[in-house]
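Here is a short briefing on one chain. Look at the structure first, then read on.

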Amino acid sequence: MISFGIDIGGTFVKMVTVNAQGKILRQDKFKTPTHLSSKDFLKFLADKINTWVQKLKIKKAVIGVGIAGDTDHKKGILRFAPNIPWKNLKITSGLENLTGFKSFASNDANMAAFGVYKKEIKSKYKNVLVLTLGTGIGGGIIIDGKLYQGATGTAGEFGHIKIGDTQKGNICGCGARGCLEGYIGTNNLHRLTLKAVKENKESVLSLLLKKESFNVKILSIAAKQKDKSALLIWEYFALYLGLGIANLILSFNPEAIVLSGGVAGGSKYFMPHLKSILKEQKIKEPFRNVKVMLSKMKDIGAVGAALYALSEMNEK
Ligand SMILES: [Zn+2]
């Protein structure tokens with residue numbers, strides 16, 4: 001059995017095929033054709049799949065789709081996405097009609113989490129949380145080796161768990177206040193950097209920001225040069241990430257937490273603080289037991305979607 005994995009984002013569509021062992025046979029990436037109608041978009045995807053089917057002489061396949069938006073995994077429908085133009089897009093039924101292959105769809109963060117679980121940690125732990133750290137904070141939950149998606153497919157929206165004041169706390173990308181993302185999302189790290197630069201115009205951070213526009217790597221470069229404000233921003237990041245993770249550990253009691261996404265690259269500067277916050281918790285056992293790990297795999301979303309489709313197929 002061959003599995004297609006498709007990761008649909010606002011900018012790019014990434015596509016892979018894997019065999020039953022999860023080995024990647026072919027991969028490609030194209031610009032998301034946002035100018036197309038929903039019907040033509042599904043046809044566009046099906047044409048790509050059918051071309052690969054011919055080239056690779058595929059006879060039996062399944063399709064898994066991860067999509068950056070609010071997705072009904074049971075019906076295979078994208079309900080809504082902030083960066084994708086199609087609403088109520090019937091992905092799985094559309095692809096099944098056009099390709100003849102059984103299809104599955106879910107939120108992209110869930111698919112990435114499943115990819116990390118299967119491909120990167122090779123199912124070594126059975127209860128795992130994956131947190132994606134970037135502009136948006138996403139996640140996925142694996143319980144007893146299976147992706148847990150909740151009643152409406154919304155489980156794992158870790159960026160919007162409340163860790164601050166919902167009236168006066170930091171504002172989040174979703175419009176609410178007090179969400180985790182409002183504290184550790186890159187937009188807030190950018191805001192903190194601008195504030196630090198304003199207070200000390202001669203710092204390493206200030207000089208770096210004169211040369212290039214803000215990105216999280218700047219915070220790591222400045223921290224490496226022992227820039228005080230950059231080190232403080234990483235400490236702040238660790239504090240709020242630690243609050244979020246402590247809540248998740250007490251809720252799920254996982255064996256492992258995997259951090260992925262661009263901001264995880266600053267782990268050298270936030271991990272020691274994060275570990276000490278987790279160590280300070282009073283209910284010791286779940287915190288002592290959990291492994292906090294870093295994901296090293298990029299573009300795991302499409303592979304995760306392909307592996308998810310295979311595992312769903314095996315369930316049936
Ligand atoms: Zn939010």
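Just after helix α2, Gly-100 takes a positive phi of about 85°. Helices (H or I, at least four residues) and strands (E, at least two) are DSSP runs, numbered from the N terminus. This is a predicted model: local features need pLDDT of at least 70, side-chain atom pairs count only at pLDDT 80 or more, and totals for chains, interfaces and linings use all residues. Residues are numbered from 1 along each chain as its sequence is written.

**Helix α2**
- Helix α2 spans residues 91-99, and its buried residues are Ile-91, Thr-92, Gly-94, Leu-95 and Thr-99.
- Buried means that 20 or more other C-beta atoms, placed from the backbone, lie within 10 Å of the residue's own.
- The buried residues of α2 line one face of the helix, because they fall within an arc of 160° seen down its axis.
- That arc is taken from the directions from the helix axis to the C-beta atoms.
- An α-helix has 3.6 residues a turn, so residues three or four places apart point the same way.
- The cover over these buried residues includes α1 (38-55), β4 (61-67), β6 (77-80), β7 (89-90) and β8.

**Two domains**
- Domain 1 covers 2-116 + 299-315, and domain 2 covers 125-294.
- These bounds come from an automatic or database domain assignment.
- The C-alpha centres of the two domains lie 29 Å apart.

**Where the domains meet**
- 12 residues of domain 1 are in contact (C-beta atoms, placed from the backbone, within 7 Å) with 12 residues of domain 2.
- On the domain 1 side, β5 (70-72), β8 (102-107) and α3 (108-120) each give two or more residues.
- Helix α3 gives the most, with 6 residues.

How values were computed: Contact = placed C-beta atoms within 7 Å. Buried ≥ 20, exposed ≤ 12 C-beta atoms within 10 Å, placed from the backbone.
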